[in-house]
Amino acid sequence: MNFGIIAAGQGSRLVQEGVSLPKPLVEICGQPMIGRLIDIFVRCGASSVNVIVNEEMTEVAAYLSEIADRIPCPLNVVVKTTPTSMHSFYELSSLMEGKGRYIITTVDTIFREEDFARYVEAYRNAPEETDGMMAVTSFIEDEKPLYVAVADGARITGFLDSPEDGVEYVSGGIYGLSQSAIPVLGKCLDEGVGRMRNYQRALVAAGLDLKAYDMGKIVDVDHASDIVMAENFIKGAN
């Protein structure tokens with residue numbers, strides 16, 4: 001399995017709230033968020049880890065260069081400023097083209113390692129016709145959550161900006177996809193689609209077989225107060 005990390009955002013809210021470190025280097029339980037993700041991916045049997053950072057994040061690029069030698073798989077780093085997270089997603093997907101299934105997550109997504117490991121294993125063992133497996137959660141604390149409509153137990157039927165009756169999940173910011181998702185991504189960019197949620201809608205519209213996987217609690221670090229919340233979540237899990 002190949003893994004990717006989108007770490008190209010500005011982290012402007014953290015900066016405004018007095019956090020001086022670039023978001024990927026903000027520590028959770030004594031470890032930079034990006035380093036924590038990489039270590040988890042390695043323990044989940046990563047064939048490669050692929051990361052995109054923006055051109056202003058020289059400290060992050062330097063950190064990745066420092067740890068590259070201790071990673072037992074290729075650590076590929078793209079240094080590029082992109083206009084949207086979907087463009088960042090495209091850069092990472094391009095690196096993994098022709099390499100089977102892959103999982104991409106945003107750098108500020110915090111989860112229990114054991115929950116993520118079960119998700120990875122479920123995706124590895126999913127039938128060949130499964131085009132993707134998205135991690136979802138019923139824990140809703142995001143300011144603008146993307147609701148995920150599910151039918152027949154696990155099949156994703158839609159991505160919604162607002163809740164509807166019977167919709168209990170939101171996106172966890174963890175995207176497991178197969179090679180069949182890459183052409184849809186390219187088409188979206190050609191047509192000027194610029195948001196990840198619209199790309200996910202395009203996957204459904206294209207008829208791809210997407211499954212939802214309830215990963216339990218997942219939190220995002222968007223504000224300074226979220227750092228303590230994330231640490232308490234992880235410490236409680238351990």
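The residues lining the largest pocket divide into 15 nonpolar, 17 polar and eleven charged; here Ala, Val, Leu, Ile, Met, Phe, Trp, Tyr, Cys and Pro count as nonpolar, Asp, Glu, Lys and Arg as charged, and the others, Gly among them, as polar. The model is predicted, so local features need pLDDT of at least 70 and side-chain atom pairs count only at pLDDT 80 or more, while totals for chains, interfaces and linings use all residues. Residues are numbered from 1 along each chain as its sequence is written, and side-chain values use heavy atoms, with hydrogens and water left out.

The largest pocket holds about 1300 Å³ of space. Of its 43 lining residues, Arg13, Ser85, Thr106, Asp142 and Asp222 are the closest to its centre. A pocket is an open set of points on a 1 Å grid over the protein atoms alone, where a 1.4 Å probe fits, with protein on both sides within 12 Å along at least five of seven lines; lining residues have an atom within 4 Å of a point. Strand 11 (169-177) gives the largest share of the lining, five residues. Among the other elements that each supply at least two residues are strand 1 (2-7), helix 1 (12-16) and helix 4 (85-95). Helices (H or I, at least four residues) and strands (E, at least two) are DSSP runs numbered from the N terminus.

Helix 4 also packs against another helix. Axes are lines fitted to C-alpha atoms over the stretch in contact, and angles run from 0 to 180 degrees between N-to-C directions. Met86, His87, Phe89, Tyr90 and Ser93 of helix 4 meet Ile182, Leu185, Gly186, Cys188 and Leu189 of helix 6, contact meaning heavy atoms within 4.5 Å. This contact has seven nonpolar, three polar and no charged residues.

Helix 2 (residues 33-43) and helix 3 (residues 58-67) pack at about 35 degrees, their axes 11 Å apart. Ile34, Gly35 and Ile38 in helix 2 touch Val60, Tyr63, Leu64 and Ile67 in helix 3.

Conventions:
Grid points are joined across faces, edges and corners, and a volume is the space filled by probe spheres set on the points.
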